[in-house]
Amino acid sequence: MDWRIGYKAHLAVDDNGIPVSYAVTGASVHDVRLAIPLMRMADKRCTYLYSLMDSGYSSKEVKDFAYEMGKIPVIDFKADRNGKKPEMDPAKIERYKARTTVERSNSELKLCFLPDHLHSRGFKARLDIELAILLLTMKRMRMVLFKEQNFRQQKTA
């Protein structure tokens, strides 16, 4: 049995890296357990076509649920015991490249808004992580608004 101490943030982000749904869990909670709740929350908050996920979310249930919701799952395959994994079709490989957005958001969350070590536990630790997610959301939204503003200024000039 594997035990981990701490917390983990699970994010679903849009193409701009803005979190549209999230969950904060114990570090021992497997990613696949949060895939369906995150997709449900994201579906209530925005319109999307693709569900891009890494191999931690690879399961038949997650893939089937995405199809039931009318989404196209693009989920990396898990490697077998020999380290080999099936190839995605070329169109999905191209779309999967956009998944780096969530990786950048996760990195920014850790590097900019979370300390190296949380010295709190329970509710306070979860609140610290949720505050960091809020700050990331605000920063990303600000970036999108500035891009929009610059685009409009260039268009009128």
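## Quick briefing: fold, pocket and a helix crossing

The protein chain has five helices and four strands (DSSP runs numbered from the N terminus, H or I of at least four residues for helices and E of at least two for strands). This is a predicted model, so local features need pLDDT of at least 70 and side-chain atom pairs count only at pLDDT 80 or more, while totals for chains, interfaces and linings use all residues. Residues are numbered from 1 along each chain as its sequence is written, and side-chain values use heavy atoms, with hydrogens and water left out.

**Overall layout**

- Walk along the sequence and the pattern reads β-β-α-β-α-β-α-α-α.
- Taken along the principal axes, the C-alpha atoms fill a box of roughly 60 × 45 × 30 Å.
- Of the 157 residues in the chain, 32% count as buried (under 20% relative accessible area; exposed is over 50%, and partly exposed is in between, with a 1.4 Å probe and protein chains only).
- Take the contacts (heavy atoms within 4.5 Å) between residues at least 6 apart in sequence: 43% of them join residues at least 24 apart.

**Where α4 meets α5**

- The axes of helix α4 (residues 100-113) and helix α5 (residues 122-156) come within 10 Å and cross at roughly 115°. Those axes are lines fitted to C-alpha atoms, for helices over the stretch in contact, and the angles run from 0 to 180 degrees between N-to-C directions.
- The crossing of α4 and α5 is right-handed, meaning the near helix is turned clockwise from the far one by less than a right angle, with anticlockwise making it left-handed.
- On the α4 side you'll find R104, S105, E108, L109, C112 and F113, and they meet A132, I133, L135, L136, K139 and R140 in α5.
- The residues of this α4–α5 contact split into seven nonpolar, one polar and four charged (Ala, Val, Leu, Ile, Met, Phe, Trp, Tyr, Cys and Pro are nonpolar, Asp, Glu, Lys and Arg are charged, and the others, Gly among them, are polar).

**The largest pocket**

- The largest pocket has a volume of about 1200 Å³. A pocket here is an open set of points on a 1 Å grid over the protein atoms alone, where a 1.4 Å probe fits, with protein on both sides within 12 Å along at least five of seven lines; lining residues have an atom within 4 Å of a point. The volume is the space filled by probe spheres set on the points, which are joined across faces, edges and corners.
- Its lining takes in 48 residues, and A9, H10, L11, Y57 and N106 are the closest to the pocket centre.
- β1 (7-13), β2 (19-26), α1 (32-45), β3 (50-53), α4 and α5 each supply at least two lining residues, and the largest share, seven residues, comes from β1.
- By type, the lining divides into 26 nonpolar, 10 polar and 12 charged residues.

- K110 is found in helix α4 and is exposed, with a relative accessible area of 58%. K110 and I133 are 23 residues apart in sequence and 9.7 Å apart in space, C-alpha to C-alpha.
- D14 is in the loop between β1 and β2 and counts as partly exposed because its relative accessible area is 26%. Not counting residues up to four places away in sequence, D14 touches V20 and T101.
- D116 lies in the loop between α4 and α5 and is exposed, at 74% relative accessible area. D116 and F146 are 30 residues apart in sequence and 30 Å apart in space, C-alpha to C-alpha.
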